[in-house]
Amino acid sequence: MASNFAAPIKAITKVFKEKTGHKVILAFGSTGKHYAQITHGAPFDIFLAADKERPLLLERSGLIVDNSRFTYARGSLILWAPERSFESLDAAIRNISSNDFVAIANPKLSPYGLAAKQVLQEVGLWLPLQAKLVRGENIAQTFQFVSTGNANVGFIAGSQLPENLLRQANTFWSLPPSLYSPIDQQAVLLKTSKLKALKVAQEFLTFLKSTEGKKIIQKHGYRFP
Amino acid sequence: MSIDVRFNIQRGDFNLVVDTVIPNKGVTAIFGPSGSGKTTLLRAISGLEQCEDGYLKVGETVWQDNSWFVPTYKRKIGYVFQEPSLFTHLNVQNNINYGMTRAKCRNSVSKLPHTIELLQISHLLQRMPWQLSGGEQQRVAIARALAADPTMLLLDEPLAALGDEQKAAILPFLESVYKTLAIPVLYVSHSREEVACLADHLLLLDHGRLHAAGTVKDIFTDIDLPLAHQTGAESIIEATVAGYNTHFGLVQLEFSGGTFSVASASLPAHSNVRIQVLARDVSITLERQKNTSILNIIAVTIDRIEPETNAQMILRLVTGNTVLLSRISCKSAYDLDLKKGDKVYAQIKSASLLI
Amino acid sequence: MILSDQNFTALFVTLKLASISTIVLLILGTPLAWWLARSQWRFKYIIEAIIALPLILPPTVLGFYLLISLGPNGPLGGLLKMLGAAPLAFTFTGLVIGSVFYSMPFVVQPLQTAFSGIGQRPLEVAATLGASRLDRFVTIVLPMARPGFITASVLGFAHTLGEFGVVLMIGGNIPGTTQVVSIAIYDHVEALEYSQAHGLAGTLLILSFMLLMIVYGANRRYAVGQP
């Protein structure tokens, strides 16, 4: 389970339990680590990744139930500068100076980081900012860097925007999806799932795809393809 | 020139109070049983022991009073500790040089070879401390203390950590060193033998109080002090070598009360020696005995008579400025009707030479 | 195995960090350890506990609090801002500061033990031979405590070499400045670049081992006191 999906998945499992009486156990961690564990036989039933590469690799290795891979949420990239206020995204970007630390997730490890890299390349800031580009191990750490004020500007996930910030509208700007490749977070049903759990797992995934499930997900800042 | 010493030191339950004057030359022994405060006093004089209530004046210089304290490293002293305390990271030569280089004094450079020879440590100079025996380490420690050309030498029971054999071996070194020194030596000991052998002046300490201060001769034979009443009570007599009887192997010694003959190897004429006479080896006769095996019979006057138990008593006998202690049975004293002022003869069965 | 440029840089940054931190710690730690060894202050144990904290706390805890305090709203960061100094998070200097906290007990404790082991006597002897306080410290304490200094340096250096949690929190993973080997290896593994991970980890292992052998070998040859 990708850590950035913690809030929505907890809400979903709660509703699921109320509806079906089945309990779902959640394990949070980085997608990379989970992938390594699964390929070494870890007994998970469902894998909710933060990207689509790892689920694809699992499918190619034959470790998932056929046709069970799908996009459960699409993340959005937000530029956040808590101490500043600008009218537009352009203004905010133009204002990034050589004194600022800019936080992104490590592009090698996180699709949000990769998206941020793509955006910076598009606006021609990728190379100039190299010495000031602070790489978080994951999107959560990236958020941490900005929220503690150590980085003045950061590219975070839409799902991370705290409720109260929505009132300070001029400190964050949504980046146009055209600037970066879509951050599709995909889920798979694993073959290691035991027979008894398999049925419940399939029910859960169906719920995830349902309108009610999607509503919860959307409420937490995600979109859908 | 002298050393004024006044201290009032509190250490937990122990309290040391001393107020005395120490001569600025010769060997002064600080003598007393364990726990009497000897080491504390020595450390206070050296500045290693801090105390608020103290006064120390050496010659014309005040080393300590209520508002002034000269730290140890500025007092030109030499100190030899009870356990050999050589620097383990330096060899013998560098240990000795340590104080010398800090003394910045030319005198010490010329005296040093002599000291090294005197203490017979020249073959040890390149060795490391752990390669030396306890006795050798202490000799090096003494050389090191002297190399810095101190104005005073302090030794804290330097032989206590050594075995009997080593003690006997090192004692002559100490004696020869002291004889050549012009500086005062303060020597802490609880050994009568060492004190009898080495000291000129004595400070008698017990339970943190100074019971007596004076010459060794006087204090050993002072009937009012506990020393005269111990089993090993003795008298010390200063004498000079007058002649030698080769045939019988006896050395003739002259002192203020006459002549002594003591079995010994030959000694240089006119050299100074000390004779140690135990009180139990001195008996009394009213008339000079003829035809007796005892060689040394001396005319004396009874100065004091003091009963010790109901069986024995101690007599203080004087002749010239020599004092002899004699321990006899009360019965004998009664039978001979001995009283103060009587002129009698002291028979000394055996005497030792303390060279 | 030839390391990529970036990996080589990470190695260089790591060695630089470990060396500078160790030197800083020796300079700061020596008087501190000396005071701890000699002081009779009854609240000394509080200072000892503070210094020993990094032994028990997970490095991420230390890193987390450093991150917050170095931020512009935190105590340290705020102070720096007031003095007009540049912020310290994500800088090499910031890492040095973090490493100093993190490795302090590894340097201070061996030094403190070595200093107490000397005892009072050699210093008293030196005083009677005319050595002033500073003289005694340089000519007696330092040589006699040499094994302690060696242990402290090796431990401090090695501990910083392996530092991960603190750097993870406040480093920001900037290649050439704050990307250290431990983070680089971690990233390679996360990104499934196992051969690069091997190369870097293996190099660090060999380097560390050689360093330790040199240090312990030299210490044996110039032994102080009894062999």
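Which helix and which strand of chain A have the lowest and the highest mean pLDDT among its elements?

## Confidence and numbering

Helix H4 (residues 89-94) of chain A has the lowest mean pLDDT, at 80. Strand S4 (residues 102-105) of chain A has the highest, at 92. The predictor's confidence in each residue is its pLDDT, on a scale from 0 to 100. Helices (H or I, at least four residues) and strands (E, at least two) are DSSP runs, numbered from the N terminus. Over chain A the mean pLDDT is 84, and 96% of residues reach 70 or more.

This is a predicted model, in which local features need pLDDT of at least 70, side-chain atom pairs count only at pLDDT 80 or more, and totals for chains, interfaces and linings use all residues. Residues are numbered from 1 along each chain as its sequence is written, while chains are lettered from A and ligands numbered from 1 in the order in which they are written.

## Chain A

Chain A holds eight helices and eight strands. Its radius of gyration is 18 Å, close to the 17 Å that the globule rule gives for 225 residues, so chain A is as compact as a globular protein of that length. The radius is taken over C-alpha atoms, and the rule is 2.2 Å times the number of residues to the power 0.38. Along the principal axes, the C-alpha atoms fill a box of roughly 55 × 35 × 30 Å.

Of the 225 residues in chain A, 42% are buried. A residue is buried if 20 or more other C-beta atoms lie within 10 Å of its own, exposed if 12 or fewer, and partly exposed in between, with C-beta atoms placed from the backbone. Contacts require C-beta atoms, placed from the backbone, within 7 Å. Among contacts in chain A between residues at least 6 apart in sequence, 75% join residues at least 24 apart.

## Where chain C meets chain A

Chain C gives 17 residues to this contact and chain A gives 15 residues. On the chain C side, helix H3 (59-70) and helix H10 (181-190) are the elements that give two or more residues. H3(C) gives the most, with three residues. By class, the chain C side has 10 nonpolar, five polar and two charged residues. Here Ala, Val, Leu, Ile, Met, Phe, Trp, Tyr, Cys and Pro count as nonpolar, Asp, Glu, Lys and Arg as charged, and the others, Gly among them, as polar.

## Domains of chain B

Chain B is divided into domain 1 (2-229) and domain 2 (234-354); the bounds come from an automatic or database domain assignment. Their centres, taken over C-alpha atoms, are 32 Å apart. Nine residues of domain 1 are in contact with 12 residues of domain 2. On the domain 1 side, helix H6 (192-198) and helix H7 (216-220) of chain B each give two or more residues. H7(B) supplies the largest share, three residues.

## Nonpolar cores

A nonpolar core is a set of buried Ala, Val, Leu, Ile, Met, Phe, Trp, Tyr and Cys residues joined through C-beta atoms within 7 Å. The largest has 115 residues. Ile30(B), Tyr187(B) and Leu111(C) are among those that touch the most other members. Each domain of chain B gives this core at least three residues. A second, separate core of 61 residues includes Ala105(A) and Leu161(C).

## Two positive phi values

His207(B) has phi near 50 degrees, a positive value in a residue other than glycine. His207(B) lies in the loop between strand S10 (201-206) and strand S11 (209-215) of chain B. Asn291(B), also not a glycine, has a positive phi of about 50 degrees. Asn291(B) counts as exposed, because it has 4 C-beta neighbours inside 10 Å.

Methods. Two residues are in contact if their C-beta atoms, placed from the backbone, lie within 7 Å.
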